[in-house]
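Me: I am new to this structure. Could you show it to me and then take my questions?

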Amino acid sequence: MIITSSVSEIVEIIRNGGVIAYPTEAVWGLGCDPYNEHAVRRILALKSRPEEKGLILITGHKQQLLQWQNQLNERSFERLISLTESPTSWVVPDITVTPTWIRGKHQSVAIRLSQHQPVIDLCNHLEQAIVSTSANPAGEEPAMNIDELKAYFGESLDAIYNAPLGEAKSPSQVKDILTGKVFRD
């Protein structure tokens, strides 16, 4: 495992099927290429997370959300690409864009447009969304620093993106993009 602040190094690891830890708006997250099934399954195993629960995707630029535009009406797509006051992951109808190993048992996927600069830099260099799930085994609190990441995962990660956490007080809220229903506040 490497610890680096180099976006280029982290992007190369993701492109090669690696699993990373990276700072999100409030907690450390685990990430990988959502289209790499092996990498996604590694994250599920590290977290002891059942696949049927599904995973969140995160991105740093609205251009990276265009592939979901056909899944939504104009108003809902505008909501997806709009910046929110607090981190918000939107549950978007989807059975054609996102693989089943990301969606789980759902016919939708949760997607967040981040305003956190390390996430923006990472996704923009990669030119796509990545998996975003809290860095913790099931039943444990999310990691808040590199020492906690090491305690949870040891050398099981390929890299840690050494950048600052955001200043949000809690992980993203999760809302239905069509109805506004809150799944997690």
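This is a predicted model: local features need pLDDT of at least 70, side-chain atom pairs count only at pLDDT 80 or more; totals for chains, interfaces and linings use all residues.

Reply: Residues are numbered from 1 along each chain as its sequence is written, and side-chain values use heavy atoms, with hydrogens and water left out.

Me: How many salt bridges does the structure hold?

Reply: A salt bridge here is a side-chain nitrogen of Lys or Arg within 4 Å of a carboxyl oxygen of Asp or Glu. One of them joins E37 and R41, at 2.9 Å from N to O. The total is four.

Me: Which helix holds both E37 and R41?

Reply: Helices are DSSP runs of H or I with at least four residues, strands are runs of E with at least two, and both are numbered from the N terminus. E37 and R41 are four residues apart, about one turn of the helix. Their helix spans residues 37-47 and is α2.

Me: Is R41 buried, partly exposed or exposed?

Reply: Buried means under 20% relative accessible area, exposed over 50%, and partly exposed in between (1.4 Å probe, protein chains only). R41 has a relative accessible area of 34%. So R41 is partly exposed.

Me: Which residue meets R41 in a salt bridge of 2.4 Å, N to O?

Reply: The partner's side chain meets that of R41. This pair links distant parts of the chain, ten residues apart: R41 is in helix α2, the partner in the loop between α2 and β4 (56-59). The partner is E51.

Me: Parallel or antiparallel: in which sense do β9 and β10 run?

Reply: Two strands pair if DSSP finds at least two bridges between them. Strand β9 (residues 173-176) pairs with β5 (residues 88-93) in the parallel sense over four bridges. Two bridges join β9 to β10 (residues 182-184), and V174 stands opposite R184. These two strands, β9 and β10, run antiparallel.

Me: Why do the buried residues of α1 lie on the same side?

Reply: In α1 (residues 7-15), the buried residues are V7, I10, V11, I13 and I14. Their arc around the axis, taken from the directions from the helix axis to the C-beta atoms, puts them on the same side because it covers only 160 degrees.

Me: How much space lies in the largest cavity?

Reply: On a 1 Å grid over the protein atoms alone, a cavity is a set of points where a 1.4 Å probe fits but cannot get out; lining residues have an atom within 4 Å of a point. Points are joined across faces, edges and corners, and a volume is the space filled by probe spheres set on them. The lining includes T88 and W90. The space is about 30 Å³.

Terms used
On a 1 Å grid over the protein atoms alone, a cavity is a set of points where a 1.4 Å probe fits but cannot get out, and a pocket is an open set with protein on both sides within 12 Å along at least five of seven lines; lining residues have an atom within 4 Å of a point.
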